[in-house]
Amino acid sequence: MLELGCGNGANLVPMAWGLPGSEFLGIDLAGEPIAQGQRMITDLALSNIRLVHGSITEIDERWGAFDYIIAHGFYSWVPADIQERLLTICQERLSPQGVAFVSYNAFPGGHLRNMLREMMLFHVRGCEAPEERIKQAMALVRFLAEGQETRDEYRLWIRAELDRIIEHAEGHLYHDELGEINQPLYFVQFMEKAAFHGLDYVGEADYFEMSDHIFSESVRQTLQELSHNRLLREQYLDFLKCRRFRQTLLCHRQASLRREPDAGKVADFLISSVSEFNTGSADLRPGVSSAFESRKGSSFETDFGLGKRAFGILADAHGFPMAFEELFQRANAALGDAGNSASRQDLCGFLLRLYAAGMLEFRTALPRITPTATERPMASPVARWQLKKGNFVTSGFHMTVKVEDEMGRALLSFLDGTADRKALLEKVERLLKSSPPPAEDGATRTNEEALENNLQKIARLGLLVG
C-alpha cells in the first residue's frame, strides 16, 4: 500500500501493525510529521512500513507497483499540476487489479462549505500564527451561530457547521477551511480527469453513500432509469444529497468490473453490526414485522424471520465480526428451521441491504483483537503509544476513538499484558483516589465492577488484543 500525503503515518502505522504480512509506504512533503511517524514505527518495532520525506513528483518506476494507493485529504488541497501527478501515479504505479482511494471536496455541497470558508479567511486576515488563525476562525463560527434569536434556516445551518467543525481536531480546521487551496469539483469533472489517465470508477469507499434508500419511491425510480450510466446516476445523487465530500475508489480501465453487487458474495465475508441496536422489544417470529433502532438513530423494519434472528445475534456480539456461515447456522438454529440454499441466499440479500444502509460492516479477515478481557488483558500497542501523545487512538477496527475519561486513559496505559485484575485494581485506585464512578443508570458500582465495566467497553471498542 502507498499513501500520498501520509502525514505522521496515523493511517498507515496502525494498518502496518494489524497486517504484518503486508507492506506499507508513505510519503509527505512535511518533515516534522514524517519524523514523528518514524519514531512511532521505531518504538513499535515495525519492519513492514517506511515513511519518506519528499514530494510525490519523485515517485517513479523504482518505487514498484502497489495493490492500493491512498490519497486522503490531498486532491482538493494541492495545485492542478500535483492533482495531475497524483492521477498519473495511480495510472502508472497501481497493480493490474489494484484499487486507488482518492478523497476530495465535491459540489454542490462545496458551495455552502466555501461560503463559511470565505468568511473565516476574511476574519483571520492579518493573523499569521496557526494557533491564532484557528482560535479566531472558531470564534467567528460561534459568533455567527449565536447571532440570531430565530431558528431560521441560516442559523440552523451555521450551528450544524459548528458541530461538524468541533468534532474534528484543530489541525483538520487549519488544513481544510483555512488552507491556502481548497477546491471542490463536481463528481463528473473528477471522473473526466481520472478517465484521461485510464482509470475507471469502482464505487465509493463507504458503500452506503451509493444507496438511494432514503429517497421516495418516485425518486428511486428515476435514479433506476439512470442505472445504465453509473457516473450520471452518482452525479444526480450528489445533487439530491447536496454532497460536499467524496471518497472515490478507482481501478484501471482494463480491469474486469462487476457493475451490480452479487448478494451471494456476502457469504465470503465476516459480518458485524456498526452500532448498538435495541433488540429487546423486537418480535423475532417469522412473518411479524419488527423495527430495530440504533443508539445513533438509524433504523429498519422487517418481517424476515431468519434476518431478524441473524441481526439479533450480530447486535449481541457488540460489533465483533462473525463468519457468515456461523451466523447462518446460529440464526437457523434459533429459528428452529433446517437450513437450505434458498434461505442462505435470502439471508445474503438481506444482509447486503443492511450493508447498503450503513448498518453492517463486511470484512475479509479478523482484526488482531479479542472480544473479551483475559486475566491479564493487553491493549493494542498502537493505542497505548498514541495515548501518550493525545486523546485519540486507533482501534483494531481502524476507527478513531477519543479517550477523555480518567479511568479509560489509566486502564489503557496499564494494559500491557503483565498485570492481573488485582494489580490493575490497585493501580487504578491509587491513580483515582476517589469514589467509584457512577453507572450509566446512576447506580454506584464497586471498584471491581467499575473495572470490569471499563474493560468490557475497551474490548467492544476493539482496543484489546489477544
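1. Arg421 and Glu452 form a salt bridge, with their closest N and O atoms 2.5 Å apart. The term means a side-chain nitrogen of Lys or Arg within 4 Å of a carboxyl oxygen of Asp or Glu. Arg421 belongs to helix α16 (residues 421-432) and Glu452 to helix α17 (residues 447-460), so the pair ties together parts that are 31 residues apart in sequence. Arg421 counts as buried at 18% relative accessibility. Glu452 is partly exposed, with a relative accessible area of 36%. Here buried means under 20% relative accessible area, exposed means over 50%, and partly exposed lies in between (1.4 Å probe, protein chains only). Helices (H or I, at least four residues) and strands (E, at least two) are DSSP runs, numbered from the N terminus.

2. Basis of the note. This is a predicted model: local features need pLDDT of at least 70, side-chain atom pairs count only at pLDDT 80 or more, and totals for chains, interfaces and linings use all residues. Residues are numbered from 1 along each chain as its sequence is written, and side-chain values use heavy atoms, with hydrogens and water left out.

3. The structure holds 20 salt bridges. In one of them, the side chains of Glu204 and Arg246 meet at 2.6 Å, N to O. Glu204 sits in strand β6 (residues 199-204) and Arg246 in strand β7 (residues 245-252), so this contact ties together parts that are 42 residues apart in sequence. Glu204 is buried, with a relative accessible area of 6%. Arg246 is buried too, at 0%.

4. A pair between loop and helix. Arg233 and Asp212 meet through their side chains in a salt bridge of 3.4 Å, N to O. Arg233 lies in helix α10 (residues 230-241), while Asp212 lies in the loop between β6 and α9 (217-225), so the pair ties together parts that are 21 residues apart in sequence. Both Arg233 and Asp212 are buried.

5. The network. Which residues are linked in a network of salt bridges? They are Glu204, Glu209, Asp212, Arg233, Glu234, Asp238, Lys241, Arg243 and Arg246.

6. Parallel strands. Strand β1 (residues 2-4) and strand β4 (residues 66-71) run parallel and are joined by two bridges. Two strands pair if DSSP finds at least two bridges between them. Glu3 has Ile70 of β4 as its bridge partner. On to the next pair: β4 and strand β5 (residues 94-105) also run parallel, with five bridges. Ile69 has Ala100 of β5 as its bridge partner.

7. The crossover. β4, helix α3 (residues 80-93) and β5 make a right-handed β-α-β unit. Right-handed means that, with the strands pointing away from the viewer, the path from the first strand over the helix to the second runs clockwise.

8. Helix α12. This helix (residues 324-335) has 12 residues. From first C-alpha to last, α12 reaches 16 Å, close to the 16 Å expected at 1.5 Å a residue. The expected span is 1.5 Å times one less than the number of residues. Which residues of α12 are buried? They are Phe324, Leu327, Phe328, Ala331, Asn332 and Leu335. These residues cover an arc of only 125° around the axis, which puts them on the same side of α12. The arc is that of the directions from the helix axis to the C-beta atoms. An α-helix has 3.6 residues a turn, so residues three or four places apart point the same way. Just after α12, Gly336 takes a positive phi of about 85°.

9. Backbone points to check. Most residues other than glycine have a negative phi, and most peptide bonds are trans. Ala45 is not a glycine, yet has a positive phi of about 55°. Ala45 lies in the loop between α2 (31-43) and β3 (49-53), and is exposed at 66% relative accessible area. His398, also not a glycine, has a positive phi of about 60°. His398 lies in the loop between β15 (392-394) and β16 (400-402), and is partly exposed at 32%. The peptide bond from Phe107 to Pro108 is cis, with omega near 15°. Pro108 is in the loop between β5 and α4 (109-123).

10. Cysteines. Cys6 is buried, with a relative accessible area of 5%. Cys127 counts as buried at 17%.
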